[in-house]
Amino acid sequence: MSDWEGVRLHVVTGKGGTGKTTVAAALALALAGDGHKILLVEVEERQGLAHLFDVGPLDYTERRIASAPGGGEVHGLAVDAREAMHEYLAIFYRLGRAARALDKVGFVEFATTIAPGLRDVLLTGKTYEATRRKDPQGEFQYDAVVLDAPPTGRVTRFLDVNTSVSSLARVGPIHRQATAITSLLHSPRTAVHVVTLLEDMPVQETVDTIEELRQARIPVGAVVINQVRQPHLDDVHQQAARAGELDPELIRAGLSAAALPDSAAIVERLRVEAAEHAERLDAERAARASLGALDRPTYNLPRLPEGVDPTAVYELAEMLREQGAA
Ligand SMILES: Nc1ncnc2c1ncn2[C@@H]1O[C@H](COP(=O)(O)OP(=O)(O)O)[C@@H](O)[C@H]1O
Ligand SMILES: [Mg+2]
């Protein structure tokens with residue numbers, strides 16, 4: 001049984017560079033596992049998803065970008081504020097082609113510049129619409145939507161659309177749209193997952209962001225620890241390494257058994273490296289303790305030595321499934 005039964009919108013955030021886009025893609029594939037149809041949305045116009053799945057650039061038209069084992073599908077969409085605005089004006093104000101004419105005189109730039117929150121409403125609005133869209137048979141078109149969201153520093157504000165537009169629209173379609181989005185984002189149908197590394201800065205940002213989300217009453221999903229490295233020392237040797245007490249004779253014997261140079265200088269250098277490694281393991285343990293205190297489902301993904309290509313995304317997806325993410 002998945003940790004996220006009933007969740008229709010998965011928002012993935014994290015400090016930039018921790019693997020937000022990679023994890024969003026892997027999560028979408030994991031969720032697609034049981035023959036499900038999942039929409040993976042990108043809002044920052046970087047084409048990170050297209051690159052990961054090795055497909056052509058994504059745009060405002062949803063299309064299939066990957067197939068999951070068991071018949072599932074991942075569809076991709078890059079939401080662009082301008083296109084969302086056209087669609088919005090066409091639907092709510094019946095402007096149709098006139099919306100494009102407005103754009104020619106710089107309307108979209110104008111509107112989103114005077115009201116930055118409007119841009120976020122447009123971006124989240126499209127995502128919101130996809131979570132509830134039904135097909136002609138009355139079934140949801142997507143079993144879930146995964147959003148590759150802005151990084152931790154901006155995500156709470158991005159999701160807190162009601163606050164950002166309430167000053168700009170107290171009534172009317174923008175207000176109604178913001179209210180509808182807010183009710184989804186504050187409901188158990190949403191989960192915001194935070195990607196981190198076992199390093200001080202991203203862990204601190206994870207702790208801060210989860211606190212912010214909780215204050216904003218937006219449901220916090222999982223903590224995803226990405227790029228986890230295998231420890232090279234067990235507990236006993238870690239303690240010895242930290243204290244500078246690793247037996248040089250053992251190191252020398254190991255080197256010669258592997259037919260490697262085993263001079264005293266090399267042995268000494270390895271003792272220093274082992275001490276540094278032991279320190280890093282201590283720091284990682286402290287990081288895990290801070291993350292554990294957040295009391296959220298936690299998934300671990302290894303650092304892949306070859307980096308991330310489309311095949312690797314499938315492997316990461318399988319690991320997420322094994323850990324209960326889907
Ligand atoms: N588990 C992993 N193992 C190895 N490299 C990874 C892993 N996760 C992400 N990366 C690499 O780290 C870099 C940043 O990942 P990305 O998903 O683009 O992060 P973000 O969206 O947070 O900026 C990319 O080069 C990506 O291939
Ligand atoms: Mg990214």
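Arg-133 counts as buried at 18% relative accessibility, in a model that is predicted. Arg-133 pairs with Glu-62 in a salt bridge whose closest N and O atoms are 2.9 Å apart. The two lie in distant parts of the chain, 71 residues apart: Glu-62 is in the loop between α2 (48-53) and β3, and Arg-133 in the loop between α6 and β5. Arg-133 also forms a salt bridge with Glu-129, with a closest N to O distance of 2.8 Å.

**Salt bridges**

- Glu-129 counts as partly exposed, at 28% relative accessibility.
- Glu-62, Glu-87, Lys-126, Glu-129 and Arg-133 belong to one network, joined by salt bridges that share partners.
- Across the whole structure, a search finds 16 salt bridges.
- One of these joins the side chains of Asp-148 and Lys-20, with an N to O distance of 3.0 Å.
- This pair links distant parts of the chain, with Asp-148 in strand β5 (residues 144-148) and Lys-20 in helix α1 (residues 20-31), 128 residues apart.
- Asp-148 has a relative accessible area of 4% and is therefore buried, the cut-off being under 20%.
- Lys-20 is likewise buried, with a relative accessible area of 11%.
- In general, side chains of opposite charge can pair when their charged atoms come close.

**Surface charge**

- A patch of negative charge on the surface gathers Asp-54, Glu-306, Asp-309 and Glu-315.
- Glu-306 is placed in the loop between β8 (298-302) and α14 (310-322).
- The relative accessible area of Glu-306 is 76%, so this residue is exposed, the cut-off being over 50%.
- The protein carries 35 positive and 46 negative charges, and their mean positions are 9 Å apart.

- Asp-120 sits in helix α6 (residues 116-132).
- Is Asp-120 buried or exposed? With a relative accessible area of 15%, Asp-120 is buried.
- Apart from neighbours within four places in sequence, Asp-120 is in contact with Gly-125, Arg-157, Phe-158 and Val-161.

- Ala-68 is found in the loop between β3 (63-67) and β4 (73-78).
- The relative accessibility of Ala-68 is 8%, so Ala-68 counts as buried.
- Not counting residues up to four places away in sequence, Ala-68 touches Leu-29, Ala-32, Gly-33 and Glu-73.
- The C-alpha atoms of Ala-68 and His-36 are separated by 8.6 Å, and the two residues are 32 residues apart along the chain.

**Overall architecture**

- The secondary structure comprises 14 helices and 8 strands.
- Taken along the principal axes, the C-alpha atoms fill a box of roughly 80 × 40 × 40 Å.
- Of the 326 residues in the protein, 46% are buried.
- Among contacts with a separation of 6 or more, 72% are accounted for by residues 24 or more positions apart.

Conventions: Residues are numbered from 1 along each chain as its sequence is written. Chains are lettered from A and ligands numbered from 1 in the order in which they are written. This is a predicted model: local features need pLDDT of at least 70, side-chain atom pairs count only at pLDDT 80 or more; totals for chains, interfaces and linings use all residues. Side-chain values use heavy atoms; hydrogens and water are left out. Patches are made of residues with over 30% relative accessible area and no salt bridge: like charges are joined within 9 Å, nonpolar side chains (Val, Leu, Ile, Met, Phe, Trp, Tyr) within 5 Å. Accessible areas come from the Shrake-Rupley method with a 1.4 Å probe; for residues, only the protein chains shown count as cover. A salt bridge is a side-chain nitrogen of Lys or Arg within 4 Å of a carboxyl oxygen of Asp or Glu. Lys and Arg count as positive and Asp and Glu as negative; His and the chain ends are not counted. The place of a charge is taken as NZ of Lys, CZ of Arg, CG of Asp or CD of Glu. Helices (H or I, at least four residues) and strands (E, at least two) are DSSP runs, numbered from the N terminus. Buried means under 20% relative accessible area, exposed over 50%, partly exposed in between (1.4 Å probe, protein chains only). Contact means heavy atoms within 4.5 Å.
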